Each structure stands twice: as C-alpha cells, then as structure tokens.
Amino acid sequence: MKIRPYIISGLALLLVPAPPAREQQSLSIEQTAQGTKPAAELVDSFDGLGAALFSGPAPPRNPSDNSLAVGPDHILQTVNSQLVVFTKKGKRFDTTGKVVYGPVATNTAFAGLGGPCEARANGDAVVRYDQLASRWLIVMPIFRRLQVGAKGDLDAPGELAHPGEAAQPGNPAPFGPPPPLPPTAPRGQGPPASVPAATGSYAICYAVSTTSDPLGPYYRYAFERPLFPDYPRPAVWPDGYYTATSTGDDVIQKHVCVVDRVRMLNGLPATEQCVVIDGVNFLNTADVDGAEAPPVGAPNIIIAAGGTQLKNDLGDDAVVAWSLHVDWNDPSKTKISEPERITVAPYNYLCGGQLTNCVTQPGTDRKLDAQGDKIMPRMVYRRIGQRESIVAVHSVDTVARGGGVRWYEFRLDTQRAPRLYQQGTYAPDGFYRWMASPAMDRFGNIGIGYSFGGTPHFPGQRFASRLATDPPGQLTMRESTLVEGEASQSTTIRWEDYTQTAIDPSDDCTMWYVGDYLKKDATSYSTRIGAFRMPGCGGRQRR
C-alpha cells in the first residue's frame, strides 16, 4: 500500500486506497451473556450539564458532545458550548458533584486573550487531564470562517498563527468573566452554508493550565486551520497534544494536528503541525492513561475503523493503523508511516454508520443515531512496566439484531507496531449498546461505558468491565447501571455523538464516565457522571 505525500496549505496529504472486500458477520467473538463476576462498584454518581444545569436562556443544544476530565480535586465537564467545574471528594473537598464554577460558555477559558477564541463560543470543546504533567487541557474549535491576516503579521496573543508559525500565549490568565454569547455555529455538517466556502479560514484554540487547579491560570493559544476542524479528539502524548479532526461529514478526509506540548506547558510560543489523510474513516490518536509515559521519542499510534460510509462500504475485517513521529526542530522530518491493516473479526457498522438511525425507543417512531462508522474517543494507551497496550471501541451490528460494543486490546511489539492481543463484541441480549468509551487502570483492568437502550428501554447509560487476569475477549464482570433513561428523545436522531471515560489520577484506577439520558417528561437531555471501581482499586489487585 503506497502513500503519496502532497502539500496543501502547509498540510501533508496522504491518499489511502480502499480496503479489500470483507466478510459479513463474525459469530466467534460475540459475548451473548453477561459476565458472572460481581459488577464494578459505582462509588459516585451525579447529574452534570443538561436540562437542569446550563448557562443562558435554554438548555444546551443537541448533540451533547460530552467531554470529561478528572484531576486531584476537581471534575471539569464540557457539553457542546458550555463548561462547568465540580468538586471531587478527597483531600480538598468532602463531597463530589458540587458546582464550584459555571456553567459558562466554553470561550470563557479564553477571556482576555483577544481574537476569535475569546469572541466565539463554539461547540465541540473537549477537555483532558494530562497526568504526565498534572495539567488541564481545553481544546475548542472555531467552526465559522474568519478573515486571517497575512503570514508574518502575528503580533499579539489571540491572533491566529498560520501553519508553520508559532502562536503567542501572552500572560497566563484564569477563566472569565464570561464573554457575551454569540449565535452558535452548527456542528457536524461541514462549513455553515451562509458563508462562502472559499472565503477565510477556521481556527482551533488550546488552553493549558499552569497548575493542577482548573480554576487557576491558563496559557492560551490560537491556530489557523485551513480545513474545517470538526469532531476534535485530543490525546496526551509526551511530545505533543495530538488532535484528530474531520473536514466534514460529506468529505472522506481526516486530519491529525499536533501542538508542541513541552513549550505549551512552559508558556512559550508554540507551533502546530498537521497531517491530512484522504480516503479514511475518523481517526483516533493514542491518549495516555496513567503517569507512566511511553518511551522517549516513541511515535503516537493512530487507528481508524475500516470501510467507507460515503462509498456504501459499511464494514470490514480490519482496522487501519499508522504511527506519527513529530520533529519540532526540523518539521521536514515529521513522518507518518504507511497505513497497516490489522485483521480483526469482521464487523458491520451499527445503523450503517453516522447520521443514520436504528436504535428503537418506546412510545415514538423516532430512532437514534449510533455513529457506527468510527472508533470512538477515547482510544487509550497504558504502559505497565514493559508492556504497552492500546484499547479501542466502536459500535457494531450483532447476531441478535441489536447493537454491540466491539472492543480491542492491541499491544505494541518491539518495532512499536500495534498487534491484536484480544477482541470481543459485548452483546449479551438483543438490545442496543453503543457509543462507548473505554479506560484501562494501573492493573490492566478494562472498563467500558456505553449507552444502553432499545424498546422497551428508554436510552440510558451502563458500564461493563474485566480484570486483567480474566479469559481474553470477555467482559467478565456483570453490567453496572449508571442511570436508567426515563423518557425517549423524540426531537432529533442525534444522540450524544460521543461519551467519555477518564481515569482518576488520585489512585490511577477509579474510572469516571459521562453520558446522556432524559428525565421523565423532559424534552432535553441530562448528563450523568459516575465513578466505577474494580476489585482491588486502592489496594492490591484481587483475582
């Protein structure tokens, strides 16, 4: 498989041939019954942003685009264009889930910076807690085209850095006061139709905290993006923050852009390097769980599901992987590998892909979208001694004609290539489990949160897990319920777009998870945040 590099607006473009024909459904790895071990313990649970907690005159719009980050004493959540900070029980607070800041518009994180990051409260903001540095990261795209000054005119913080130029962070500053709320741009549909397609550029904004306190100062950066930066999925890696994005739903073109993490952590001017890959599915970059970093100089791993929805190729028997090495001293030496197809059990996209619908609900003909064409965020990396694992999930059709969570653990070989170690499809009945997010704790235990539904069940949130010593390919612990849905979503097919896990840095084994549900008689979603622990979390691993 050949890769041909091109240069477009300072971005390297890669053309990837379509994958070969695939088999249909695989029965061999489908788990058709729940595990027999006790469920993971639900140790905390509370409502986050949504119908009862929001900023402005109305609840946040759909889809929620849930994102969650957990630090030593706080929980930071974003839902679409809003942000809130909660307490976390521990050394500093005696309770979890109390609001200490917000809700506010996400661009409050850029107040005082100037430029479009301060001016525009955009959706799709995503948060991470960088355990390697004990810092918070907020990433916010700008979906409306902007008129950008000539290259070399970058004079002040907040002005967009052109490709190859360093963004100026200015002085670090805390949140707020909140800027006024402008009209919100639509997400997930490509550039707004009211703006000429050939006019101006987009942008992406980064805020990196100076300490482990999310209410303290942040260094803020603004970068021009010639291509629409939809569906951002940032990942922590030692040499950079790797953020995968998409040009739009009607274009088979994806990107990975990397910002200089080391310089950002020190508040120095920093650059962003981007690679564009054409003809592939949504990309996910490996996101570090835990405080044990990958080896020095290790490239980041990128994985995408096979198939191509826009070509009506709705499944595959492989996933596609790349490795990306960034050279900050000489960008001409930045290199992405040729794509490698990793054979897995055959799968078909749940609902036939994204912006379709098949998840049934009681009391309505409205069915929900499953985003079945993509590996879901986060794709987690965990190093335990000399062993390096990557865990990925996506939503697939099942033999029982419901929806299941396909999950993989890959392990890196001596050449740092991912090799399939185990895989499974969690489908213990004929209902729908979809839009999952995984985590791996310091013992190597795997937990996966996901939406659950299908008539007669209202859509809600559940969690299943396994111990590192359990038989491969099985989620051996019984399903935990984070929240039962109490109503159907009848206004739109869009459901969440993604959920998210986060590992608690205080013990490196508590797994936090957030997803949507509707309260009884509600017309707008609520979000539920919960924390799960496996046996032995906080002490020695029990078998």
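Here is a short chat about the disulfides in this predicted model.

The model is predicted, so local features need pLDDT of at least 70 and side-chain atom pairs count only at pLDDT 80 or more, while totals for chains, interfaces and linings use all residues. Residues are numbered from 1 along each chain as its sequence is written, and side-chain values use heavy atoms, with hydrogens and water left out.

Reader: How many disulfides does a search of the whole structure find?
Author: Let's start with what we're looking for: a disulfide is a covalent bond between the sulfur atoms of two cysteines. Here, a pair counts when the two cysteine sulfur atoms are within 2.5 Å. Searching the whole structure with that cut-off, the number found is 4.

Reader: Which cysteine is joined to cysteine 117?
Author: Look for a sulfur 2.1 Å from the sulfur of cysteine 117. Cysteine 117 sits in helix H1 (residues 115-119), and its partner is 88 residues away in strand E11 (residues 201-209). Helices (H or I, at least four residues) and strands (E, at least two) are DSSP runs, numbered from the N terminus. The partner is cysteine 205.

Reader: Why is the disulfide of cysteine 117 and cysteine 205 called left-handed?
Author: You need the torsion about the S-S bond. The disulfide is left-handed because that torsion is about -90°.

Reader: Which strand holds cysteine 274?
Author: Cysteine 274 forms a disulfide with cysteine 257, with the sulfur atoms 2.0 Å apart. Cysteine 257 lies in strand E15 (residues 253-259), and 17 residues separate the pair, so to speak, across distant parts of the chain. Cysteine 274 is in strand E16 (residues 272-278).

Reader: What is the relative accessibility of cysteine 274?
Author: Cysteine 257 is buried, with a relative accessible area of 2%. Cysteine 274 counts as buried too, and its value is 13%.

Reader: Where is cysteine 537?
Author: Cysteine 537 bonds to cysteine 509, sulfur to sulfur at 2.1 Å. Cysteine 509 is in the loop between strand E30 (500-503) and strand E31 (511-517), 28 residues from its partner. Cysteine 537 is in the segment after strand E32 (526-533).

Reader: What pattern do the disulfides of the chain follow?
Author: Count the bonded cysteines along the chain and note who pairs with whom. The pattern is 1-2, 3-4, 5-6, 7-8.

Terms used. Buried means under 20% relative accessible area, exposed over 50%, partly exposed in between (1.4 Å probe, protein chains only).
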